[in-house]
Amino acid sequence: MKDARVPASGGTDWTLWPDAFEETEAVPLLLDELATRAGKARATSILVELGDERLVHQGWVSPAALAAVPQLVQLLHSDCGAQKEDVLDVLARVATGTPEPHWHGKPAEEDSLPSLEERAARQSAATVGQSAETVADGPAACYAAVAGARSDIASLIVNRRPMVRAAAALLLALFRPDDTTTGVVTARLSTEKDDRAKGALYLCLSSWQRAFGIALDPTSVASPEAKPFAELCRAVARAHCPVLRDQDTRKTLLEAADSPPKGFNAKKNLPVSSRRLTFEALRAGYPDAASAVGIRGLKKGHHSPQEVLSLGMEVPPPGESWADLPLPEELSDEQGSFLRAVTEALPESFGGSSSWLPWPVAKATGLPTDRADIRRWMGIDPPGPMELVLSGQVEGQPVAWPAYRWFRRTALGLVPPEALIAALRTHSPVEDVIDIAFESTAGHVYDLFSVGDWTWNESILHSVDALGSRPDAAESLLRRLPSMVNGWDALLVTAALTRILSSQGATLPPDCDHVVALAIDDRPPLIELARHVVRALPAARRNTIVLALPLPASLEIKLTMWGRRVGPRPQGWAFLDLAEDRTAAAHRAVRAIAAWQPPSPRHRLPAMEALATLVALGDIARPMITEALQQATPTGRETLLQAERTLSEPPE
């Protein structure tokens, strides 16, 4: 493999500057290949790999990006196979951490990256030759490094190729200009003939005015353009400058909204959409018109809901906790009308998903992310269980709220669980309460599993507490019992029914034992509910269910992003001690342990669960353990010995 410190890559010690994949060899080798005149197709492929993966990846600017800036700038003056507009695009990504630079008018609520003003204020001295650990603010240092190449970039404003001139203007738009840069852009604007390049120059001047307060010379945007895209960009610049807004500018933007002119070629890595430029300019200068345009565009899929939403209501940055969801009647008339129009304009799906809002916007506003929820919340679609009104007491005051408010406020800690349970216990008819209980355990409804620390555990526990004390629920629950196919629903129904029937000296009907087996859940705190259901059954039925449960030999230890365990679970190990035939239960447990083999790295033995089972079975398991030790595998023998020692210890 080539030395990673060859002169062609700047003589940099690349071992100090890893890329986004924590590798230190790929970036210098790719830069060297570019510098040695790679073919056009190969050069394009290299720059895509650098801009999309190695230097900037999913919004993260790697340390290698800072070290690569000098070599990328050198490519702007070379005759290598790389297209200069592609190199300029990579530099823009390094400076901003995104393929869509900030002059593009990206709404603040969508953007977690620092603004241009923030980046300019945070510029820090960073010289290639340090180690990445010594650069205090990597993104700001990258921004500063690219900004330091303004003169190199400005020299391309007069390049013979229009796409290079356009890309250079758009990159200059990201940085506070000096006198030389301003002069170059202004001079070129007066002579530029290409529609796209001239549009980019207008956008550059507009960005300087918006981001850095550089006054926009009215004479530079005074004369209408004959070519449509340049005229749109001139109108965009005027719309973002309060003193230059007029009816002609508004008219130009509205015409462009209906019939967007052809702009930059996205294949050339200039991701500027005429439609987006128009919408953002209308939002800045003519918000009333922007609302109408945005809602029309929402219906056609031209604009995202979060872009349009901020036109009619405040969308602050998300805080530590989710915002409370207001009731529709608590909105102002203007907000209510606007949200209704937005909701009615929502398409049925968004890239195959029913989620219409990204979670940061939902968290900041309290609005539900699912399209079906927002439509029911607004009263456009018929109400479901979560829209049913429950009456109760909160802090000594009577309230009547839809179920979604009770559950969400309980999840947020604004309402004590006891108040929710009391409201469910007193509501009539009881069928409503059962429907609400099932709906709340689904989790996705009104984002219950995202709000606060709420999980299905809380939904099931509170629902069982409410329904289990209502004898009038027994008939409806029994009627629904045979149709249960979901373990959570099955546990909810069997646990609530067990409480009701136990108070009447009865048990679950025998034809529903398959539902009991489905309801068995070994995860705390639901395991206690499941054990209560099994323990309440007659001995023979309990024995049949428990002895049929699997005894897995290994448990997957991988956790999901929410910290929940996935894969095989303890299952029978957590219930075997409830078997009526304890001898059969002990035989099953001992034989299973004796056959254990070493688990894979991603799995663990259910050793703790198995040990607890043997200890619970007590003296009846001890002779079986002694006998099994002679033929047990080394893996199983260890657990059996530990069980034997534990059972031999005198009770405390």
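Biologist: Among contacts between residues at least 6 apart in sequence, what share in the protein chain joins residues at least 24 apart?

Modeller: The share is 67% for the protein chain. Keep in mind that this is a predicted model.

Biologist: How many helices and strands does the protein chain have?

Modeller: The protein chain has 31 helices and six strands.

Biologist: How should I read the packing of helices?

Modeller: Two packed helices are described by two values, the angle between their axes and the distance between those axes. Take helix 22 (residues 456-467) and helix 24 (residues 487-503): the angle is about 25° and the axes lie 9 Å apart. Angles under 35 degrees count as roughly parallel, so helix 22 and helix 24 are roughly parallel to each other. The crossing of helix 22 past helix 24 is right-handed.

Biologist: Which residues make the contact of helix 22 with helix 24?

Modeller: Helix 22 contributes W456, I460, S463, V464, D465 and L467, while helix 24 contributes W488, L492, A495, A496, R499 and I500. Sorted by class, the contact of helix 22 with helix 24 holds nine nonpolar residues, one polar and two charged.

Biologist: At what angle do helix 4 and helix 6 pack?

Modeller: Helix 4 (residues 84-96) and helix 6 (residues 138-147) pack at about 140°, and their axes are 7 Å apart. Roughly antiparallel requires an angle over 145 degrees, and roughly perpendicular covers 65 to 115. Helix 4 and helix 6 are therefore oblique to each other.

Biologist: Which residues meet there, in helix 4 and helix 6?

Modeller: From helix 4, L91, V94 and A95 meet C142, Y143 and V146 of helix 6. In this contact of helix 4 with helix 6 there are six nonpolar residues, no polar and no charged ones.

Biologist: Now a single residue. Where is E329 placed, and is E329 buried or exposed?

Modeller: E329 sits in the loop between helix 15 (305-309) and helix 16 (333-345). The cut-off for exposed is over 50% relative accessible area. E329 counts as exposed because its relative accessibility is 62%.

Biologist: How far apart are E329 and M378 in sequence and in space?

Modeller: E329 and M378 are separated by 49 residues in sequence, and their C-alpha atoms are 9.4 Å apart in space.

Conventions:
Residues are numbered from 1 along each chain as its sequence is written. This is a predicted model: local features need pLDDT of at least 70, side-chain atom pairs count only at pLDDT 80 or more; totals for chains, interfaces and linings use all residues. Side-chain values use heavy atoms; hydrogens and water are left out. Helices (H or I, at least four residues) and strands (E, at least two) are DSSP runs, numbered from the N terminus. Buried means under 20% relative accessible area, exposed over 50%, partly exposed in between (1.4 Å probe, protein chains only). Contact means heavy atoms within 4.5 Å. Axes are lines fitted to C-alpha atoms, for helices over the stretch in contact, and angles run from 0 to 180 degrees between N-to-C directions. A crossing is left-handed if the near helix is turned anticlockwise from the far one by less than a right angle, and right-handed if clockwise. Ala, Val, Leu, Ile, Met, Phe, Trp, Tyr, Cys and Pro count as nonpolar, Asp, Glu, Lys and Arg as charged, and the others, Gly among them, as polar.
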